[in-house]
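Please keep the sequence and the structure in view while reading.

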Amino acid sequence: MSTSTRSYRKSKSISRNYRSPSSLSPNFFLGEISRDLRMGSLSWKHHTLIQALISRGPLKEKEFHSIFTGVTGRNPGAAKKIFDKYLLEINKELSYVHFELRACRDQYDGQVCFGVVNNVSDDQSKLGTKYSVPQIAFFKGIIEAIAQDEAAQGCISSFDALNIRLENQLPSEASSSQQQVPPAFKNFSMSQKEKTLDELVRDKWLCRTREGNIGLGIRSLLDLRSWFRNNDVPSCEVCNEAGVKADLCPNKGCMVRIHKYCLKNLLSQRDDKVCSGCGKPWPLGRITKEEAVEAAVNDEEEENETQATAPRSKRRKLRSHRDSAENRSSQASLASSSGTTGRRVTRSVAHLS
């Protein structure tokens, strides 16, 4: 038996025996913590928040805040200190079993998400028992192709994803010899890749962009933070998180990259619209008509949600504010039609605390 075959079987055995958040039921997870930790310091409210994240997977900030309000009767926006206190208390207990309740931004829409993650640094362990070794190798090949893209587009085409070669995930000496490639890798068909791709998207390890490309899902952005750092994925100049999908400084020789939502917030707070790396102007401000309309629609949807819960005395002010915002968007789109197409500007979101 060759060395590569033995190591392959060993890794498969380890993978099958490892449990991860994605493969555990809420009852099992809470039962394990109850036996191992001093759960007397956590109330049923803490338990409910943990269970919601484990059973539903990563949640958008709005969803998690809604659950928090339903459980505690407090609004996280108005009672931020209480909200933060709950998270600190939960993380203090989860740290004993190397888990963490973590927040990060979805790099594709800028929204904050919350999830319970495994702090073990091995990226393969994150997928736990649900995926086979060939599926893990397939997933790893995809995240490497996306994360190591120098253009920081944050995605690859479905065609490129399906043509990932699993043998490239083996040690160099094993991948160079077809005889040492495990049969499970050789027999991993195109239909199996398509099925695995759909599974990874459904489980939020990957996502499909509006253009139909394959990007990193929110679970990967939450769980693989250490993997990004260990593999030298360039970080955002502003938030220091991995710049998987980001804007690059257009000036030659400058390696600065910034998430689109970080860039908008940064430049809106500064008078000088320059790159912090090279000191040269960073072009921003011209948007296309379609982008202006999209921004106006997004703002209108958000304000409509606010109006639904706002007192009547405030609704007139909100309506007039929305009308003025639409007028500014129209003026911006008209101005951009006579110039070159600028970079996409997304709707700003609240900063993480």
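In this predicted model, helix 3 and helix 4 meet through two sets of residues: Trp44, Lys45, Thr48, Leu49, Ala52, Leu53 and Arg56 on the helix 3 side, and Phe64, Ile67, Phe68, Val71 and Thr72 on the helix 4 side. By residue type, this contact consists of 8 nonpolar, 2 polar and 2 charged residues.

**Geometry of the helix pair**

- Helix 3 covers residues 44-56 and helix 4 covers residues 61-72; their axes lie 10 Å apart and the packing angle is about 150°.
- Helix 3 is therefore roughly antiparallel to helix 4, because an angle over 145 degrees falls in that class.
- The crossing of helix 3 past helix 4 is right-handed.

**Phe68, a residue of helix 4**

- Phe68 belongs to helix 4 and is one of the residues that meet helix 3.
- Phe68 has a relative accessibility of 0%, so it counts as buried, the cut-off being under 20%.
- Apart from neighbours within four places in sequence, the contacts of Phe68 are Leu49, Gly73, Arg74, Pro76, Ile82, Phe83 and Tyr86.
- Leu49, one of these contacts of Phe68, is in helix 3.
- Between the C-alpha atoms of Phe68 and His46 the separation is 9.4 Å, while the two residues are 22 residues apart along the chain.

**Two loop residues with positive phi**

- His98 is not a glycine, yet its phi is positive, near 60°.
- The loop that holds His98 runs between helix 5 (80-94) and strand 2 (99-105).
- With a relative accessible area of 51%, His98 is exposed, since that class starts over 50%.
- Ala152, also a residue other than glycine, has a positive phi near 55°.
- Ala152 sits in the loop between helix 6 (133-147) and strand 4 (155-156).
- Ala152 is buried, with a relative accessible area of 2%.
- Taken side by side, His98 is exposed, whereas Ala152 is buried.

**The chain as a whole**

- The protein chain contains 15 helices and 8 strands.
- Of its 353 residues, 41% are buried.
- Counting contacts between residues at least 6 apart in sequence, 60% link residues at least 24 apart.

Technical notes
Residues are numbered from 1 along each chain as its sequence is written. This is a predicted model: local features need pLDDT of at least 70, side-chain atom pairs count only at pLDDT 80 or more; totals for chains, interfaces and linings use all residues. Side-chain values use heavy atoms; hydrogens and water are left out. Helices (H or I, at least four residues) and strands (E, at least two) are DSSP runs, numbered from the N terminus. Buried means under 20% relative accessible area, exposed over 50%, partly exposed in between (1.4 Å probe, protein chains only). Contact means heavy atoms within 4.5 Å. Axes are lines fitted to C-alpha atoms, for helices over the stretch in contact, and angles run from 0 to 180 degrees between N-to-C directions. Angles under 35 degrees count as roughly parallel, over 145 as roughly antiparallel, 65 to 115 as roughly perpendicular and the rest as oblique. A crossing is left-handed if the near helix is turned anticlockwise from the far one by less than a right angle, and right-handed if clockwise. Ala, Val, Leu, Ile, Met, Phe, Trp, Tyr, Cys and Pro count as nonpolar, Asp, Glu, Lys and Arg as charged, and the others, Gly among them, as polar.
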